Amino acid sequence: MEPKELFPEISRSLYPDIEPYSTCFLKVSDIHTIYYEQSGNPDGYPVVFLHGGPGGGTSPSNRKFFDPNFYRIILFDQRGAGRSTPHAFLEENTTWDLIEDIEKLRDHLKIPEWLVFGGSWGSTLALAYSESHPDKVTGMVLRGIFLLRKKEIDWFYEGGAAAIFPDAWEPFRDLIPESERGCFVDAYHKRLNSNDKETQYAAARAWTKWEMMTAHLLPNEVSIKRGDDDEFCLAFARIENHYFVNKGFFPSDSYLLDNIEKIKHIKTVIVQGRYDVCCPLMSAWDLHKAWPEADLRVVPDAGHSANEPGISQELVAATDKLKCIFKENAPK
């Protein structure tokens, strides 16, 4: 990143808690209605926050990555997640549906173009959205890069990450009979879509706890406890698994990398934890090699979560750096 003297206003501390000035629902299909909120400056520079999972939903802490005096902060829960309805619903729930929803929301809010911020699955969606609508994106902040390739799914769900977290892996593994362990994603798909609700909940808890126990460099009890919330787990696990079974609904394994040329002009900061076990550095590195113009920031003492100190500092620095650029380029 450029020397600090070029961007003297850059902050690295999370902004204070704020409340939204607007909370609404937008009907995006005959089936789905999405929750969205706005906070910060109603006349500010628009930024849309794309949450992870898919199925993770947004939380109030997501607002803190942005200067509320400068940014008009837009958060929304993707189909089936958070406060969007129907809860944990998989029909008409694909990457391309979500991209259309982002456009419907932008159009509904009368925003010509905006900054896009996304981590983990949110980085996947941010890349897919910007490659589909490059003229609507003025900048991106991406964290914990996930390109939804087979080797990334296999690493996390088929035994790779188990080498680092064998204690967390065993409960995830042991829910599945040995005869079905040839593909854990498929075995969980069967249970997450069972006609028996308790079978769904048991699979959802195991799936979610595995991810929550591996998302931080150091154990985070608040994150791990989310694995005890059945309603959160059901949306998180069912929607994630649905997307992974369907390979992200992309036409090819390398789709996002193959289309990088469309977005190379967009100012982008990539923040990646060195010890991210959920979305290992290999994906951010592959993206960096395909897109050297983007600013890759590797945090040496962090895992996957946006809430780890080193990651959150770099994310705030990225939104502040872009704030300085947007101010500089604003019409005089």
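I started at P280, which sits in the loop between β7 and α10. The model is predicted, and I read every entry below with that in mind.

Is P280 buried or exposed? I found a relative accessibility of 12%. The cut-off for buried is under 20%, so P280 counts as buried.

Next I looked up what P280 touches. Setting aside neighbours within four places in sequence, I noted contacts with W155 and Q272. I also checked I145, which is 135 residues from P280 in sequence, while their C-alpha atoms are 7.9 Å apart in space.

I then moved on to helix α10, residues 281-290. Which of its residues are buried? I listed L281, S283, A284, D286 and L287. For the cover over these buried residues, I wrote down helices α2 (121-132), α3 (150-157) and α9 (255-258), together with strands β6 (137-143), β7 (267-273) and β8 (295-299), as included in it.

How many residues does the largest one have? I read 79, with L127 and M140 having the most contacts inside it. Helix α8, residues 230-245, gives the most to this core, namely 9 residues. Another core lies apart from it and has 26 residues, including Y45, F49, I73 and L115.

I went back to M140 for its contacts. Beyond the neighbours within four places in sequence, M140 is in contact with L115, V116, A126, L127, S130, I263, I266, K267, T268, V269, W291 and L322. As a general note, nonpolar side chains tend to be buried together in soluble globular proteins.

Terms used: Residues numbered from 1 in each chain as written. Predicted model: local features only at pLDDT ≥ 70, side-chain atom pairs only at ≥ 80, totals over all residues. Heavy atoms only, no water. Buried < 20%, exposed > 50% of the residue type's maximum accessible area, 1.4 Å probe, protein only. Helix = DSSP H or I, 4+ residues; strand = E, 2+ residues; numbered from the N terminus. Contact = heavy atoms within 4.5 Å. Core = buried A, V, L, I, M, F, W, Y, C linked by side-chain atoms within 4.5 Å.
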